[in-house]
Amino acid sequence: MTKSQEQFWAKKVAREAIEFATKHNHEIVTVRSGASPSGPKHIGNMNDQVRGEFIRKSIENYGSKARLVLTSDDMDPLRTIPARLQENESKWVKTDENILKILEPEVGKPVSKVLDPFGCHNSYAEHFTDLMMEGLKKISVYPELYYVSKLYKEGKYDWFIAETIRKKDAVREVLKKYQQNIPDDYIALVPVCENCGKLTTKVTGVDLEKMEVEYECTGRVLHGKYEIKGCGHKGKVNIRKGKLPWRLEWVADWKIFNTDAEPFGKEHFEGSWKSGKELAKRIYKFDPPIPLVYEFFLVDGEKMSSRLGNVYTIQDLLKIVEPEVVRYMYVKKPLVQRDIAVKEVYKLVDEFDEIERLAYEGRGERAEEAKNYYWYCVGELKDRRPYRLPYRLAATIVQFYPPEVALERLTKSGIVPDNLSDEERQKTLTRLKLAKQWVEEFSDRKLRIAEANKEHYIKDEKIIRAFNYVYETYKNKEMNGEELQALFYEAARKFELNPSEFFKQGYLIFLGEEHGPRLGNFLASLDKDYVLKVMANIKLKK
Ligand SMILES: [Zn+2]
Ligand SMILES: [Zn+2]
């Protein structure tokens, strides 16, 4: 591994985390992450876990024991109802009236107490935690899962809550530096109202001897827009029945799990992270973990939001690309904003294929970088580079034939080598299936293959005559891929064309881009009538 690769972000954080753990006598180096199961978690949310996993993997590779922790922050209140919900791994549903009828009265309750609108889990929180865990498992990320509601019940937060109450004035002073509208009598604990079950209360008195707090259900404004009315109930409960505000719960989680490193999104950097650091050091007297800050993902140029309906989960992406390609999205520099173009997903796949090629066959610094990326996405290199069918080509041929038949034809025409291992064959077939799904569900219409009956206009008359020559010859003769390829060269020579210019026109017509596989072999794997029909429709642009 070269020096520059040692500077790779996951390795850098890993080394700092190991040092941190040693200093604090932590036996296992812990990378922690949290997720609020407030609805379907999109690929941007999963940065915490996947990047966390890359850090964990690096720590282990340095010879230290490591774990990735994921807390399901299921004491968070249900703040809004997403416009679409994921019923199961492959099914999204619009939040209709029936679902709203179930969920609307639940807004303000901890998500662990909200009903699962689909009825398959104990709670809303469990439903979405399960889906998240399933998605992570499919890309080989296996965090240790903890439900925060359970941790409260077990008393894991007791010390932290008691300390928060004991030092309530100091806590308030710190929070006031980072948050607006903190009242002068603010106590950073929210008991769940025993009457309405919501996180709409205000602490009005504390009894630390008995570890109890008095509260009144006064209501709460969520997200600055949804006002939930309090029921007016007054009560007295054990501190365990209270929830720490998220900013403090986060700090408590660092302590509870002996956290050595934690990834989080840039949006937390100015606020929660800075207040958290100060709270940890000044109030609770421990060191905050090593941070990894990352930029969020865009999808097709826009920020993902349930309102826009452009939320993609890991499972959604796995319908169209392989797990290693999904992992690849998370391997690059964390502070560079990534735009995931689902409509042009072949670009992402091409990028991954190129990394693989460089890892196996490249030289120099770029190859070292590729090898490093590849280790996080796939693992060690094997004896030889595995065969990959270019995605775009796969997407073209599956528009004519079912994946199995397409593979046969591609093999027969010499595009796919006939000496593939069983695994390579299986992976090629998988890619054909993924590409088919993409064509059907996600691709732009303009990216689909040439329509047979559409006319194609070209300015150069010589090119028209050359295509015409290929057309007439191919029409009257059975030809295999090699023969068809030779025919294209012959036509180029005959009409004094630069072959690469001629082939480029062929790619533009048949694939919509300037490059592609061996054209003759490719066209021989397609339906002959179709190929002839397209060629017959190449016309001179006047
Ligand atoms: Zn469920
Ligand atoms: Zn209430």
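User: Which residues line the second largest pocket, and which of them lie nearest its centre?

Analyst: In this predicted model, the second largest pocket has a lining of 19 residues, and those nearest its centre are D350, D353, R388, L389 and P390. The elements that contribute two or more residues to this lining are helix 13 (345-361) and helix 15 (391-397).

User: Which helix gives the most to that lining?

Analyst: Helix 13 gives the most to the lining of the second largest pocket, and its share is six residues.

User: How much space is in there, and what classes of residue make up the lining?

Analyst: The second largest pocket holds about 400 Å³ of space, and its lining is made up of nine charged, eight nonpolar and two polar residues.

User: Between which domains does the pocket lie, and why?

Analyst: The second largest pocket lies between domain 2 (386-449) and domain 3 (451-540), because both of these domains give residues to its lining.

User: Switching topic, at what angle do helix 9 and helix 10 cross?

Analyst: Helix 9 (residues 246-256) and helix 10 (residues 269-283) cross at roughly 55 degrees, and their axes come within 9 Å. The crossing of helix 9 past helix 10 is right-handed.

User: And how do helix 18 and helix 22 pack?

Analyst: Helix 18 (residues 461-475) packs with helix 22 (residues 528-536) at an angle of about 150 degrees, and their axes are 10 Å apart. Angles over 145 degrees count as roughly antiparallel, so that is how helix 18 and helix 22 are described.

User: Is their crossing left-handed or right-handed?

Analyst: Helix 18 passes helix 22 in a left-handed crossing.

Terms used:
Residues numbered from 1 in each chain as written. Chains lettered and ligands numbered in written order. Predicted model: local features only at pLDDT ≥ 70, side-chain atom pairs only at ≥ 80, totals over all residues. Heavy atoms only, no water. 1 Å grid on protein atoms, 1.4 Å probe; cavity = no way out; pocket = protein on both sides within 12 Å on 5 of 7 lines; lining within 4 Å. Points joined across faces, edges and corners; volume = space filled by probe spheres on them. Helix = DSSP H or I, 4+ residues; strand = E, 2+ residues; numbered from the N terminus. Nonpolar A, V, L, I, M, F, W, Y, C, P; charged D, E, K, R; others polar. Domains from an automatic or database assignment. Axes fitted to C-alpha atoms, helices over the stretch in contact; angles between N-to-C directions. Left-handed = near helix turned anticlockwise from the far one by under 90°. Parallel < 35°, antiparallel > 145°, perpendicular 65-115°, else oblique.
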